[in-house]
Amino acid sequence: MPVRRAAVPSFAKVNLSLKVLGRRTDGYHELRTVFQTVGLHDRIVFEFTPARRGLQIELEDPLAIPDNLVLRAARRFCESERVRVALRMRLEKRIPMGAGLGGGSGNAAAVLLALGPLTGRRAPLERLRAMAEELGSDVPFFLFGGTALGLGRGEELYPLPEAPAHGVLILAPPVHVSTAEAYRALGRPALTSPVDSRKLSSFQSFVWRADYLSGAENDFEAAVFGLHPELGRWKRKLERLGAHAARLSGSGAALFGVFPDRAKLQGALPQFSTEPLKVFSTTMLSRARYRARVLGSLREHVSGNAWPPASRYERDEL
Ligand code: C5P
C-alpha cells in the first residue's frame, strides 16, 4: 500500500481579551477569554505507512524542541485509537515559541485532526477533545478555530460571531515568558474568595458588544510590562500607528495590533524594522477559512467536508 502524505498548516492564535479570575483547587486558573485564529502558521508534513505491528513514530524537528507536543499528540492518538503505524513527521516552525501565540498547542491539535484521515480512523470530536484537553489548556481551541469564547482553564469553548478578517501585525520580542510563571506572578487569590464581579461584568459587556477591537483587556499586561517595559512602549507604538486594538497575546511576550485599514498596516510594518523584534503581517482567520485550509491540506485523504475531517479509507484497508 502506498505511503500516505499530507502537509497540514498549524495556525497561531491571539487572545482578543483575557481575564484571569482566580486560582482553582486543581492549580489552574479560571479564565474568561476570547480566542482568535490568525493566518500565521507552521506546517507539519506527515508520511504515514500502515504497519502490521508496533508503533514507530519519528519527528524531524530542526529546532529540537524538548518534549514536543507533536510527538505527544501522535502517541496519544495512536494509543487511544489503537493504530499500528510507521509515521514520520517533519515540523516546519514559523510561529515564535513561548510567545503566547499557541504555537505548540496548535501543532498538537493539527496532529489530532490529521491522523484520523491518514489512518482510516473516525475519532468523534468528543474523543479528540478529551485527548486535546490532556495535552494542554489551549489545545481544544485549535480543534475549532475562528473566534471563540473560552471558559474554565480555556478548554470549555463556545463559538462567537466571527470577527472581521482584519489585518494583524504580530510583534515577537526575543523574550520567553513561562506560562506557569506568568500565572504565578499574577498572584491571583484562590477561588474560594469571591470573584471580582467588576471583572465578570466588564467581560460580559465586551462579549455582548461583539466589537472585539474596543474595551478588551489582557490581565497579564501589567505584570509582564512591569518586567519588560519595552513591551508597553511597543504596544503604544502600535496604537499610535493606527492599530484599533493593540494587546499582549496570552501570557506574552508577543504583542499584536489589529488594523482594519490595510494601508495603515503597510505603513506601520517598516516602523518596527529597527526594533529587536520578529514582525509578522497576517490576518484574522475565520472558522470557515480555518477549516477549509485544514481540509484542503488533507483533500486526498478525506471524504466530504465533515468536521472533524473524516477519512475516506476504511479501517481494515490496512
Ligand atoms: O495547560 P498548559 O500545560 O498549557 O498550562 C501550562 C501551565 O500554565 C500550567 O501548568 C499552569 O501552571 C498554568 N495555567 C494556569 N491556568 C490556566 C492555564 C495554564 O494556571 N488556565
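**Ligand site and helix packing**

1. A backbone N or O atom of Arg153 is placed 3.4 Å from a nitrogen atom of the ligand, a polar contact in the sense of a pair of N or O atoms within 3.5 Å. This is a predicted model, in which local features need pLDDT of at least 70, side-chain atom pairs count only at pLDDT 80 or more, and totals for chains, interfaces and linings use all residues. Residues are numbered from 1 along each chain as its sequence is written, and side-chain values use heavy atoms, with hydrogens and water left out.

2. The residues around the ligand (a heavy atom within 4 Å) include Gly27, Tyr28, Leu31, Thr179 and Tyr183.

3. Helix 2 (residues 103-119) and helix 3 (residues 125-135) have axes that come within 10 Å and cross at roughly 155°, which makes helix 2 roughly antiparallel to helix 3 (an angle over 145 degrees). Their contact (heavy atoms within 4.5 Å) involves Ala108, Leu112 and Leu113 of helix 2 with Leu128, Met131, Ala132 and Leu135 of helix 3, and its residues divide into 7 nonpolar, no polar and no charged.

4. Helix 1 (residues 69-80) packs against helix 2 at an angle of about 35°, the axes being 8 Å apart. Among the residues in this contact are Phe77 of helix 1 and Asn107 of helix 2, and by class the contact has 10 nonpolar, 5 polar and no charged residues.

Definitions and conventions:
Axes are lines fitted to C-alpha atoms, for helices over the stretch in contact, and angles run from 0 to 180 degrees between N-to-C directions. Helices (H or I, at least four residues) and strands (E, at least two) are DSSP runs, numbered from the N terminus. Angles under 35 degrees count as roughly parallel, over 145 as roughly antiparallel, 65 to 115 as roughly perpendicular and the rest as oblique. Ala, Val, Leu, Ile, Met, Phe, Trp, Tyr, Cys and Pro count as nonpolar, Asp, Glu, Lys and Arg as charged, and the others, Gly among them, as polar. A polar contact is a pair of N or O atoms within 3.5 Å; within protein, one must be able to donate a hydrogen and the other to accept it, and residues adjacent in sequence count only if both atoms are side-chain atoms.
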